[in-house]
Structures are given as structure tokens and as C-alpha cells.
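Colleague: Could you take one part of this model and go through it closely? Overall build first, please, then the detail, with the cut-offs stated as you go.

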Amino acid sequence: MFYRENGQFKTSYKADQQVFAIPQDRWAILALVVFAFVGVPMLVDEYMFRAILVPFLILSLAALGVNILVGYCGQITLGAGASMAVGAYAAYNFMIRIDGMPALASILLGGLMAAAVGIVFGVPSLRVRGLYLAVATLAAQFFCDWAFLRIRWFTNDSSSGSVSVPDISLFGWTINSPTDKYLFCLGILVVFSLMAKNLVRGNMGRQWMAIRDMDVAATVIGIRPMYSKLTAFAVSSFYLGVAGALWGFVNLGSWEPAAFSIDRSLQLLFMVIIGGMGAISGSFFGAAFIVILPIFLNQMLPLVGSLFGLEVSIALVSHVEFIIFGSLIVFFLIVEPHGIARLWATGREKLRLWPFPH
Amino acid sequence: MAASQSGRGSAPLDTFPRLLLNHAAVRGDRPATREKYLGIWQTWSWSQVAEEVRAIACGLAELGFKRGDNLALIGDNRPRLYWSMCAAQMLGGVPVPMYQDAVATEMAFVLTDGAIRFAIVEDQEQVDKLLEIKEQCPGLQHILYDDPRGMRHYTQTSLQGLDEVIAMGKIHDTNQPDFIPGEIAKGRAEDVAVMLYTSGTTGKPKGVCQTHETFIAAAQSGVGFDHLTDQEDILSYLPMAWVGDHLFSYAQAMVAGFTINCPESGDTVMTDLREIGPTYYFAPPRVFENLLTTVMIRMEDAGALKRGMFHYFMAVAKRCGADILDGKQTVSGSDRLLYALGNVMIYGPLRNVLGMSRIRVAYTAGAAIGPDLFRFYRSIGVNLKQLYAATETCAAVCLQPDREIKFDSVGKPAPGVEVKISDGGEVLVRGKLLLKEYYKRPDATAEVIDADGWFHTGDAGFFDEDGHLKIIDRAKDVGKLSNAAIFAPNYIENKLKFFPHIKEAVCFGHDRDMVCAFINIDMGAVGNWAERRGLPYSGYTDLAGKPEVLELIRECVEQVNADLSHDAMVAETQIHRFLVLHKELDPDDDELTRTRQVRRRFVGEKYAVLIDALYSGNATQFIETQVKFEDGRTGKVAADLKICDVKTFPVMKKAA
Amino acid sequence: MSGRKIGEVILDLKNISLSFGGVKALQDISFNVLEHEIRAIIGPNGAGKSSMLNVINGVYTPQQGEIIFRGQHHANMDSYGAAKAGLARTFQNIALFKGMSVLDNIMTGRNLKMKANMLQQAFWFGPAQREELEHRAKVEEIIDFLEIQHIRKTPVGRLPYGLQKRVDLARALAMEPQILLLDEPMAGMNVEEKQDMCRFILDVNDQFGTTVVLIEHDMGVVMDISDRVVVLDYGKKIGDGTPDEVRANPDVISAYLGASH
Amino acid sequence: MSGMLYSLVALGFVLIFKASGVFNFAQGAMVLFAALAMARFSEWIPDWLGMENLFVANLLAFAVSVVIMFVVAWLIERLALRYLVNQDGATLLMATLGIAYVLDGIGQTIFGSDIYKIDVGMPKEPVMMLESVFEGGILINKEDFIAALIAALLVISLSIFFQKTATGRALRAVADDHQAAQSIGIPLDRIWVIVWCVAGITALVAGIIWGSKLGVQFSLSTIALRALPVVILGGLTSVPGAIIGGLIIGVGEKLSEVFLGPYVGGGIEIWFAYMLALVFLLFRPQGLFGEKIIDRV
């Protein structure tokens, strides 16, 4: 209803194929990004940065990666955590083993390493799909869990696989305060989101989606399943690897393999389901939802409990969290398999057609 | 503009080709023509258009097109057809745009009558039509087509692609660069600029010859009147053969230098309208009616909350919207507040989905518009105005000035136009904008233009106390009931047609003791209505015969009666009986003109048996009618029509 | 009325046999396709028509036989290679990419012609953008050609069946194929849609000189538009020739009469 | 002998997959849920009824647990699966992931999240077997032996159920072809409830055996993940495949730990089964006993 699109006609394909073809959307997103860079740091306290915003940004990045693979290419993965782990440990090794390696470079190299490993673990996708593929990716997950726990070289001989990194710096900017961390992650996320959007709206993305929607037809028009699937694994793992490295370097500072366990994989998968498969924005919605929900429940449940005179234990909160997560997943799969992003898109479409219903 | 004129030392801008050259020089980079093609709005600037026109002109000249030749143009609104008009004018020829959906025999008449040697047509479909009638029109020598699709195997020598002609023209132009300037220089303001065939409510079509002078004058008066600039955008989607489109999409665009936009196809007009969001808009009342009908249908599918909101705010708009648009000071503060809220919630979005957000001025003409319909658009903030015109007057005789809009008048005489009412109540017009003549029909010309230069419009009307002209009906249609009450069928029909469920109505009553009516239901609206009630139907005839539908229409007619009873002038002419026709009135069956006006007399004769039934008090009547399908085949439609009686209301006396 | 020139043999199928487990789908079938012609494969349901098409563009591997495409001998085709060599096809049960718009579906048909690497695409830079715009323009021509302008941005899942078939054809055309394989392009359409589809097939054949191999089980339409017809029944070839020859062939008559009555 | 337990869990997978095409990720959660119910009720029932007889208490607890698993099965079908008919496998898989979370949450909310014991009186002492066949015989845990016996019994009774009863036949019909089954009047939703009930019982049995060995705790639900390779290896649609796959994986795991473990730092049983399954997948995607997947165009 706030859309006034009369007179917004396109006179070139370039204008027609912009990321946000409707100027209102374009301005809104631009305003949002500017606000995120300028407004948020002025308004928000440290706790918000640490507990919500930084995890949200990094998990969004990871969810983007999962979405590329699951949502766009249709290849289910339960091994997202493994890719994050590879990214994190590879970045760690690049950092400590090569003198003077800039932090950003080692993070990106970690991503590349994750991409390489991702390709290897993507190979089964050429033979199997669906459930079988899920099992294959689980294999990757468990293997990585084990490898970083037991193979000492990866963790520079530290026991139990736990490692830590000093504060990182970028062109002389030492990233140690929560605000710095936030801005650093935000910057990376913005760039990576744009890249992801470009990929999925271009030839690469169309190939992925073709494979997802109807692989036989895709082959017949000259799309090579091997190439498409493996690139999806590679790009997805690259994103996950970078996210893993950020999670380790920026969010945690020191970590153990458990930070990237099967639970992390499942969590990422849920983000994508709830947020919206096959939509870039879905990754953000999903990440926001999953980061905020537990915090919200932690605050709310005891309050609700006290209303009824009940003591709500922390254990109970975590159980209720389980129940709510599970129900939501089933709910979304039944009601809106395309997640919050689709709800958002439908709402937006309604606003464009307002006051008409269709 | 004046500076450049004197700088170039050229003749005054008194012909269209000169106007074009001027735009190319003054605003060469501004968009002149857009067309949605291949998914985007392809744009040509004024200087590009000037070049294209020049190339077409040279090509035509190469083919032997000479001063005084007539050039037929047949097709949808395509840029190159518009340009060809100007190209013909450059060479001193006369473009003759023709209705693209006309059947071959109709075309044959115009082609012969207009002594056409050259035709530029849109595509294969039109080429086929012309080839079919070529033998009847020996004069037709060259057929040029714009779209080469499917034309590869046509070997006729008379056929040529416009592309080739343009290419040829470019070579010609390089060889003889002085040719075109010379031809343009030969043009005189009093030359015939265009020949438009009247839609012919009665008799065979006549070619109306208009000169550069008159059309430019008419366009200028409109441009000045509404302060149009070269920034306007207009969507050109009405038949090019209609005087309205010629005035708005050609003459005014050429005078003011604004942009015309051609839609992608007939199916996409609404989408294209939304995209372009014209600032200047022109449509016959029928289009506005259909739009309103779709609005109402779509709103019925909305949720209760939205629908409630819609109706509430529409009531607010009805109360004060038009007054706010007119800038009247009488509107209360609370109403203004409510209207502002409504503007955010309903009117603004509504204008947006209708493609009317950017409209500064919209016009309707061609037929009378129902006051309620008119009020609807003005109340949601669309500056819709009526103008009164005829093909013979290059459109605008009367215009409604801003802030002086009356729903039932067509406004004041346009600048430079004299209007008076004859003793017989007929509207007479005199001024620069009159036609030069009917092509090769001095008899007809003499018939409509009297010795004093007054043009007889054939409409009945009168001036009200503010000097606004009110048109009642076609002069020849206005009749009297047997009790001497004045009977203006159009007036009643328009009231009927305001209901979304009624598409067409024809009223009878001249020399009769009561008024009866034929009704056509609107397939879209009534179909939707029936579906929501789970009423199954197989087609128009079936749906039109359903008792539920008849009941629905009866309610509409009764409301019209109630309305009529309030006005002493027309209270006697309430509708007593009606029937819903078993088929839709159709131009292909000659029941409507190409501009979709009812051919009253023809319909009356064709369905005489139904009229007899209406007046003889029968409850049903069997009828069988032959119909023409789109592909030229014919078939028969038969039905047993029920005739419904309607409640009438006692005449209300004006409160003293 | 046709001005196109029928050329040499472009595709030659020799002694193709295909079976699934014990079911013999195709038995020793040979026929050829000439350049620029419209070649129809007809037969009752279950005659092996679709299997034949699947063999030609490499979805199925025949147990026996040889495929000679433009002078190259193949024991079997592979789908990717076939696409690359200029074979495009449509599907009987529309195989569009449901999650994408009409435009994107057709754009996938251009993928073999797009060369920008992933990095260029990620940054939408230089060649990637240029390519995208160029191919969009090409695709728009196809959209215009098949008269589907009004649905270009609609998700294909929402389209009625007849239009989906048209989009399927558009996607195949976007590959600018040498040979177009059409699997029952007119199945399930009403008369008007069938007429449109016939017109498009003829136009494609005529304007682009594309060789068309077409499967249909409804004899009527096919006979009108094809140059030569192969008739299959229970995996065997029972007739081959011009429509008139085929129509007069007693085996064909009995197969059809037997099948339909 | 953990292979036997894998087999039991895998059996649950296979049953449900065969009948409804759902790859039930929640099987592990069901095992946990069932075990928790069993453990807690066998504690609570003596308290409530004030009786001492362990056997009766266990029997009652078992009965209650069976009922509970039935209710769970019914609810799952009612609230989730019936809305997801005809979705593709991956969607269903994710749905069962969701169900797993819900079950975990509810189970721990109701029954608590500590470690509980199930004592069904299984003998713990090892026995020597096959001494007569070769010298020394094999040292076998009596508990494992009984577990294996129970599992075998379960499999046999299931086979009889499938082969001999009307419901069993209907189940097999559904497994072959949903649409065909539906068209001859087999009520799909009821069949699915039954299948889930059966899967629930296998989960209960697995839970009891496992729980009596290791205690009932949250980690029990992860055994489902350990059982996945079993299913892959055996083939998703094969009951004997599940049994044999379970044995192979169980033995393979132990052997690899013993022979390979020391060289790579131990703990490889976490992933060994997966790698085995993965390698297997690449060569025979349908598993040992699965049906070949054919694509049609």
C-alpha cells in the first residue's frame, strides 16, 4: 500500500535486472544498511552486540552458505558444522603457521580450505541424493568432529582440540571491542550477501536451481550435474568456512571442536527451513529467529511461570526451547515450506496490490 | 522556442513535419516515443524519431508516393505507424489511419473511397486481409508491413517490409539530401494533414479531411488550456483511426513535445499502464466503466476488513473528494482529515493499481459518461474531465476548466470556438477547428456546414446558467413519448450502464406510451457474481436467462427508476419492462460501431419482434439470431427470452 | 508454400534396440532425419516413442545400435554432449523448473553459451553482466516469438498447462538447437492451443531452419505438418514415409484401428 | 553386540520408511522417550501402588510405556505427517528432525533429564559358549545374549505379523504403492498410525535393552545417528538388511577400533560406520538388499 510504482518503467535490461528492481525496496534496503553501520553502534549496548548481533551476523553468513546448497541447489546437508570447523581450524593454522599472515587473509583462506574439503565431501552427491546424501554429509560431520579432536597437528598439539587466537587486526584497526567486532562482521556479511545474490540471480544460480527442480531436464539442456553440484558444495562450504573462522576468531576467541558439532549443523539447517529455502533474505530471517528465540524464552518463560506461581528452572527453559523449535520446524514445513522469507514476500506483494486482494 | 525559430530563420511551425524538426532541434534528447518491446521500454528521442520519419518518407518517395497521395495505416499503436503518418505529411501526402479490427469488406470501402495507393500495415494478419480484398481495390499498389514475422513466403510484388523501405530511404536521403527539406518547405498550413473516417453511426463512413492548421490549433488550445509541457507521458492504446487518439497521441504530442508510449500488446495494457503511469490520459467512458467494474469485482474478493475500509472511505470520498479536488473551501476539517487518511489507505493505492498515480489531467469523450462514474474518479483524486467533440471538429469543442467541473455538463466552449444552440435544440459549432470537407463528398459537407459556417453536430443540448453546455442525446435519438414527455434514451442507458452488472442497454420509447429496454449483462461481473453463489452456467446465453440474474438486473433497473423519478424532466420515462438479450451486441454484427456505440435504429429493426413483445405484454418471446464469429464463420443463437416488469415510482415534486 | 530446403541426413539411427529388464521397449529400429525437415514419430500409447526420443538425446542407453549425428558415430549419446552438439528437447510431462520464473527457465537454456566464471558472476562484473544482458535480449526475442510476453515474470508453477508447454518449447529454443525433439507437444491441449503450437512449430522450422523431430499419438495434427513420418507399434517400426504413404500403409491402418477401436 | 541394538533401531527406520516413505530421524528420540517412560514408570509405579514386586512393576511400566508410544505415534500422524503426504523425502526428513526435537523436549520435561536406571533383571554374568565346538569357546555377555534373543524374537513376531495378518498385508500393499493401496480402499492414515506404533514398540524394546545396559540418558537419542549407516548399508526398504547391516556395523566398529584405532589416536568408532556406509553408497546406492532406483522421464 505504500508502493507507488506508476512511472517506474524500465528502459534497459540492466535496469530491469537490478537486485532490487523496485526503487522503494532499493531505498529501504540502503537505508537499512546505513542504519546498521551508523545507527546501530550508537544505540546498542555491549550485551546486545555480544549476545545477539555478532552471533546473528555470523550465523546469517553460515545460513547463507547452507541456503545456497540446500535451498538453491537442493542438496541436503547435515554437515554444515563440519565445514565451519574446517574453516575455523584452517584459518587458525594459517594464522599461527605463517608469520605475518593478516587475519582477514587467513579467514578467507580458511574459507577456501573449507571449500576444497566441501568438494570432497560433495562427491557422494553425484551418486546419491536426498536421505542418502544426508547420511553422507553426516559422515563428513562426524569425521571432522573426530579429526579435530584427535589429530593433534590441526590444533597445534593442544589437548582436547581447544585453540585460541589473539585479537585480530585489519589494516591497523584492532578488532577487540564488541562494536569493532560487529562492524567487521557486518562488513563481511554485506559483501558476501551481495556476492551470493549475484551468484543466485545469474547463470550459476539458475544452474543450481535447475538441478534442484528437475535434474533430468537440467542435464538435457546442457547443465552438468557434477559441475553444478560441486560448485554449490564449494561455494556453500566457502561461506560456511568463513563463517566458522569468524565464529572462532571474532565471536569466541578460543574454541573446541564441540562449537561446530552436529547440533550446529542442525541449527543451521533449521535456520534455513524457518527462514526460507531458496531466498537470500531467508538466511537472515532464520538466523535472527534462532538467535533471538532462546534469549526471548529465557526472559519470558520465568516471567510467564511466575504469573502462575511456578518456578521455571533453566533446564525446563531449555526443554521448552526444544519443543518450540521442533514444533516450529514441523509447522513451517506444513504451512509455509518456503519459510519467513515467503511470508515476507507475500506480504510485500499484498502491499503492492493493496487494496485489492490479488 | 522562439529563439531557435528565428535563429534558423525557418517558416513558422504550422505543419506537423516542421513541428517535428523543431522538437529534434530543441529537445533532441528528450524521449519522443516509447514502446514496450522485448520486455523493456524501447525509447526513441525526438532526434531519432526525426531521422526515422525522414527515412520512411524517403523510402515512400522512392516507391513513388507523391504529394496528394493518401497513405492507409492499419494496425495497433506501433511507433512506426505513428512515424509513417508524419512521413506521409512530409511528402505532402495524407495519412488515413484505419480501424485495425475492421473486417475486410469495411476496409475495402475505405480503401476505394479514399483512393488509397499505399498502405502501411502492422503485420501478417493485416496483410492477409488486404490481399483478400486487393482485387476489389485496384488502386492499392503498395502494401508495406512493419513486422516481418511470417512474411518470408509472400511473393507478391506489391508487398515490402518497412525495414527495406527504410533502408532504401536512407540511401535515397544520402543521395539527395535536399529532397526532404524541399518537400517540407512546400507544405502549407492549409493542406490536408489527415483524413479520419467517421465511425458512421448512420450510413457509410465518410472521410473527414482536417488541415494542419486546424489540428495544430485544436491541439494548441488543449495544450494551453491544461498547461501541458514536454514532460508529459501518455499511453497510446486507443485505435489510431479515432480522432481522440489522433489528437492526444499525435497532434498534442507534436505540439507540446511530450512522450507517447505504446503498450506491448492488447493483453498487457493494464500492466503497461501501471508501469508508465501516464501524466496525461485519455479514454472513452467505456474504459473508465470497465476499470470501475474490475475494481468492484476485485474488491468483492477482498477480506471483510479491507472491504469495510474500502466502502467506508469510498463514502467519505463521495461526500467530499470531488470538492477537495476542486479546491472548494466548504469542506469541513474533519472530512479533510478523513480524506487524507483515506488517501493513504485507499485512494492512493487504488490510483496506483489503476495506473493513475501520476495523472495530472485525464479526459473522457466519445460518449456521455455517467455522472456517478465521473464522480467516482474525481473523488479518488483523479482529475478527470469531459470534453465534447466530434471527428469533424478535431475533438475539443467544449472543455471543462479546472475547478469548474460539473458532473452533468461537458464544460465551456474551448478557446476560439463558438457554440450556439439552434432553434431545434441542436448544438452548432463554428471556429478554426472545423473540418475542411468530407473527402469527395461536397453534398455531405454542405449538409453539415451551413452557409454561415456553422457545423451541425447532430447533438441535442442546452447551456445552463453558468454557461456550461449540457448534452442530452443525439438530436435524432431524442424523441417523445406518446404523452409528449421528452425521451432521451442515452441518458437512461448511461444510468443503467453505471451498474457493473450491465454492460450495454438500449431503450425504446419514441411515440410509445412507456419506456422499455434491452439489456446486455456484463459477463465478467455477472459471471463472478454467479460463481460466488455457486450458480452454474455454460455461456452468455445461459447466464443471461437465469431467473436469479434477471432478478439482479431488475433491482438495478428499479434503482434507475427511483433515480429518474427525482427529476421532473425525465420522471415520465421510467422503464416499465425490460428483457436481457440472448447475445452480446457486437460490432461484427453491425449492432455497435467500432467505437462501440449502439446503432440504435439497426438494433431496433433487427430485433423488432422483441420490441413488439415488450409492448404487447407477452411474458416470453422466442428469438433466433445469426451471429458472426471472429474467424468469419457464422452461427445461430436462439433463446426463449423472459420479459420482466419493473416497479415504477411516482413522480417526485420538487420541494418548494 | 515452403521455401526451406531439405538437406542431407543429419541424424541417422541404425538398428536401435532398448529393453528395461525383460521389457523390450525398442526392437531394431532404424530411420533417419534430414536436415531442416519435420520428422514425426507416431504410434499408439506404449509404442516406444518416448523411449526413442530418450535414446536420441542420451537419457537412455540402447543395448544395441548406432546413432550417427552429423557424421559422428555414437554407440549412445550422453545428455550433456547431445545438448552441446545442438540437440534440444521438450518433455511429455512438462519438466520445467518449478521454482523459477518463466524468464529464468528460458535463460537456463542459454547456459551452454554463457562463459563468465564464478568470480565474475559473484561480483556481477564485466563479462558476467554483459553476458547476462546479451542473453536476456536473445531470450526476449524467443518470448516475443512464442507470444508469452504477459507471463515472463510469472513463476512457471502458476501457469496453465498449455502455457507451460509453450515455456518448455521456449527453453528448448533458447539453446538455438540444430535438432529440436518434441515429446507430444500438443498432448492435453484444446483445439486453439493445438493450432497455436502447430503454428509455432512450423514457424521455428521455417524461420530458423531447425530440424524438428516430433512425437505425437494423435495422427491428425502430425500428418498436416510433418514431412515424413515413422510409425512405431509395440517397439517395432511398422511404417516410414510421407504422410500420404503412411496413411495408405495397411500395417499402420490396422495398428491404429486396432488400438483405437 | 551393540550391532544387535543397531539392528533394532534400524528396524524401526526401515518399518516406517517402507510404509510411508518417511525417513524417521526421530527414531532415536523415540528410543529415548520410550526408555525414559519405562525407567520412570518402573520407579513411580511401585511408589504409587506401594508394592515391591519388581517383575510386576516392570510389566506394568512396560504396558504403560506401550500405551504411551501408541499415543505418541497417533499424535505424530495426526499433527504432522498427514499434512505432509506426498512431500519429497528431504522435507519429510526435516519434519522428523523437528519431531525429534519435540519428543526430546517433552520427554525430558515430563520424565526429567537425569540418568535413570532400568532394571529388568537381566543377568549380567558372562557365559562361555560353544565350548564344545572349539577350545576356549567364546566369551559372551549373558545380557547381550538375551538382548539378541529378544531382538530375534521381535523380528520373528514382526515377520509373522506382516505375513499372516490382514493388517500386515495391507501394510505391505501400502509399502508397494501408496496410490494403488489407497484406491483399493486401504485407509492410509490408519496404516501409518499402526506402523508408527510398531516402530514405537521396537524403539521401546531397544530403549529397554540399551537402558538396562548403559542407563537412560539424553545421549541415548544419538544412537539413532549411529544406526543410520546400518540402514544405508542394509538398504532402506529391507528388514533383513537392517539386521545384517546392524551386525556388520557393530562388528566392524569394534574391530576397527581394535585394529585401526591405535594408529590414528582412537575414537574412530564415531565415524567408521559412516565411512563404511559412504564407501558402500558410492558403489551400490541402493544398499545391500534395497531395491534399485530407476529414474523415469
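Modeller: I will start with chain B, whose radius of gyration is 26 Å; a compact globule of 656 residues would have one near 26 Å, so the two agree. That radius is taken over C-alpha atoms, and the globule rule is 2.2 Å times the number of residues to the power 0.38. The model is a predicted one, in which local features need pLDDT of at least 70 and side-chain atom pairs count only at pLDDT 80 or more, while totals for chains, interfaces and linings use all residues; side-chain values use heavy atoms, with hydrogens and water left out. Residues are numbered from 1 along each chain as its sequence is written, and chains are lettered from A and ligands numbered from 1 in the order in which they are written.

Along its principal axes, the C-alpha atoms of chain B fill a box of roughly 80 × 60 × 55 Å. Its secondary structure comes to 22 helices and 28 strands, taken as DSSP runs numbered from the N terminus (helices H or I, at least four residues; strands E, at least two). Of its 656 residues, 59% count as buried, meaning under 20% relative accessible area, with exposed over 50% and partly exposed in between (1.4 Å probe, protein chains only). The accessible surface of chain B is about 25800 Å², and carbon and sulfur atoms hold 52% of that; the areas come from the Shrake-Rupley method with a 1.4 Å probe, and for residues only the protein chains shown count as cover. Among contacts in chain B with a separation of 6 or more, 64% are between residues 24 or more positions apart, a contact being heavy atoms within 4.5 Å.

On cysteines, a disulfide is a pair of cysteine sulfur atoms within 2.5 Å, and the count over all chains is zero. Cys86(B) is in no disulfide, and the nearest cysteine sulfur, that of Cys58(B), lies 13 Å away. Cys86(B) is also buried, at a relative accessible area of 1%. In chain C, Cys198(C) is buried too, at 11%.
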